Amino acid sequence: MSTQSTIYLDYASTTPVDPRVASKMMEFLTPEGEFGNPASRSHRFGWKADEAVEEARSHVANLVNCDPREVVWTSGATEADNLAIKGVARFYKSKGNHIITSKIEHKAVLDPCRQLEREGFEVTYLDPDDKGVISPEAVKSAIKDSTVLVSIMHINNELGTLNDISKIGDVTRDKGIFFHVDAAQSTGKVNIDLEKMSVDLMSFSAHKTYGPKGVGALYVRRKPRVRLEALIHGGGHERGMRSGTLATHQIVGMGEAFRLASKEMEEDHKKISKYHEKFLDKVKEIDHVYINGDLNNKVPNILNVSFNFVEGESLIMGLKDIAVSSGSACTSASLEPSYVLRALGRKDELAHSSIRFSFGRFTSDDDVNNTLDILGNVVQRLRELSPLWEMHLDGIDLDTVEWNAH
Amino acid sequence: MAYSKKVVEKFENTLNNPEAFKVGRFDPKDANVGTGMVGAPACGDVMKLQIKCEPKGNTHVIKDVKFKTYGCGSAIASSSELVEMLIGKTLEEAKAIKNVEIVEALELPPIKIHCSVLAEDSIRQAIEDYEAKQ
């Protein structure tokens with residue numbers, strides 16, 4: 001099976017690099033290109049590379065309306081999350097040791113929090129509501145005198161639901177607590193205005209927005225100033241917050257991708273909304289289908305659906321020419337269904353039955369139509385294979401069955 | 001995903017040609033039918049296996065099998081593989097089937113071994129159910 005014949009509906013996991021971005025990146029690699037070290041101050045090669053890095057920085061800053069000096073390059077959103085959370089917690093540990101986050105954060109936020117717990121910090125993991133949203137009130141009521149940092153994601157990667165980071169920021173600013181937002185899924189999808197929002201730190205990824213993998217950035221507010229302890233020490237790059245020679249071509253790629261995102265966000269959104277609408281209409285025609293997340297409060301590029309009585313991983317295998325993700329982590333050693341869906345209070349079997357479809361800039365009408373043609377058919381076939389479907393048709397309430405669990 | 005070619009083939013064949021691969025049901029009340037069902041929806045897999053037997057000499061022989069499985073591709077492939085092993089076997093021979101035979105036949109990776117264990121348990125239960133009826 002060549003990947004070319006496979007329909008790609010997994011944009012929330014990663015996007016292809018926009019060809020315009022790739023060709024720009026090519027200019028910063030070879031002997032004919034601007035391959036210099038941006039930190040070289042003594043010659044033209046360095047100056048040119050530095051210029052390109054600073055231009056890219058201003059593209060990133062422009063997309064989220066901040067000062068370019070507030071953008072710190074990292075290797076990706078995971079590093080940005082780590083730098084924000086561990087960096088702030090460790091720098092301000094004399095002020096307090098309590099951190100607030102949520103149960104539906106990405107592992108790149110949860111794991112640094114766990115690490116801080118091992119270092120003696122105390123972490124509160126907030127429950128979302130049944131739609132997958134963390135309310136500003138929930139944050140407010142979890143705040144203690146010892147709270148130094150709140151980390152809440154903007155758009156949930158599995159559900160596409162949005163948290164009101166503007167309101168949460170008002171709560172944290174009011175209490176003098178730092179607020180970090182993982183915005184890996186947000187750029188190019190929704191408007192972000194850091195000038196207006198009381199967000200202190202924000203993580204970005206290039207490869208979710210048609211840029212290359214291996215580069216991201218952390219926004220670190222200057223006024224009021226946020227300080228952090230570096231994770232990587234070395235040449236003192238990025239004002240000491242992140243040492244290491246800057247990856248010019250990667251950074252240029254991220255800058256170009258974010259420049260295109262500011263320019264084309266509206267167009268992308270229009271097209272993707274149309275696909276979302278169509279997909280939703282068709283999927284709802286299938287019996288016993290549940291949409292996970294909040295249709296009234298989510299981005300259209302992510303659609304998470306549970307097909308009851310069908311296990312997600314087998315559905316993915318049945319949809320062999322379509323690349324999608326399963327909420328069920330049966331592929332991992334844990335055999336646990338998605339922790340995000342569980343946190344919403346979804347029954348385990350529905351969590352096991354969930355599929356995330358995500359659309360993007362290069363999705364076509366054919367991609368959507370062909371997927372919809374195949375989907376209903378595969379769900380039906382798998383249900384014919386499913387003892388749960390049979391029991392359901394026999395009128396048996398599955399909740400009353402005593403299962404012989406393993 | 002760490003699926004072997006064999007799992008993928010078995011899964012696809014079963015999905016595309018369910019009757020030939022013995023997907024279906026017998027009347028569980030039939031005296032010649034033994035039913036086993038193991039697993040739980042919350043764990044992500046449920047296997048239902050039914051054997052239809054007839055007496056032969058001083059034992060019983062499995063003449064036909066039907067199954068239904070809710071679970072990942074490996075779980076479905078494991079049940080389908082087991083079903084093929086069962087037809088024509090005496091109950092004693094069927095009881096002797098070990099999950100490792102399924103693991104080997106399908107080249108299951110370590111994290112999917114529980115699928116084969118589930119299959120082994122389903123045949124145990126089906127035989128118990130059948131024997132209780134005799």
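A residue counts as buried when its relative accessible area is under 20%. Keep that cut-off in mind as we walk through this predicted model, because A:Thr371, at 0% relative accessibility, falls on the buried side of it.

Let's stay with A:Thr371 for a moment. You can find this threonine in helix α11 of chain A. Which residues surround it, once its neighbours within four places in sequence are left aside? A:Thr371 is in contact with A:Ile7, A:Leu9, A:Phe279, A:Ile322 and A:Phe357.

Our next stop is A:Tyr275, which sits in helix α7, a helix covering residues 248-283 of chain A. Is this tyrosine buried or exposed? Its relative accessibility is 5%, so A:Tyr275 counts as buried. Setting aside neighbours within four places in sequence, A:Tyr275 is in contact with A:Thr363, A:Ser364, A:Asp365 and A:Val368.

Now step back and look at how the two chains meet. On one side, 32 residues of chain A take part, and they are in contact with 36 residues of chain B. Together the two chains bury about 3,000 Å² between them, with 66% of that area on carbon and sulfur atoms.

What about charged partners? Five salt bridges are counted between chain A and chain B. In one salt bridge, B:Lys68 pairs with A:Glu390, and the closest N and O atoms are 3.0 Å apart.

Which helices of chain A supply at least two residues each to the side that touches chain B? They are α8 (312-318), α10 (348-352), α11 (365-384) and α12 (387-393). The most comes from α8(A), which gives five residues. Sorted by type, the residues on this side of chain A divide into 14 nonpolar, nine polar and nine charged.

Finally, a word about confidence. Chain A has a mean pLDDT of 94, and 96% of its residues reach 70 or more. Residues 329-334 of chain A have a pLDDT below 50, and this stretch has 17 contacts in the model beyond near neighbours in sequence.

Definitions and conventions: Residues numbered from 1 in each chain as written. Chains lettered and ligands numbered in written order. Predicted model: local features only at pLDDT ≥ 70, side-chain atom pairs only at ≥ 80, totals over all residues. Heavy atoms only, no water. Contact = heavy atoms within 4.5 Å. Buried area = accessible area lost by both parts, 1.4 Å probe. Salt bridge = Lys/Arg side-chain N within 4 Å of Asp/Glu carboxyl O. Helix = DSSP H or I, 4+ residues; strand = E, 2+ residues; numbered from the N terminus. Nonpolar A, V, L, I, M, F, W, Y, C, P; charged D, E, K, R; others polar. Buried < 20%, exposed > 50% of the residue type's maximum accessible area, 1.4 Å probe, protein only. pLDDT = per-residue confidence, 0-100.
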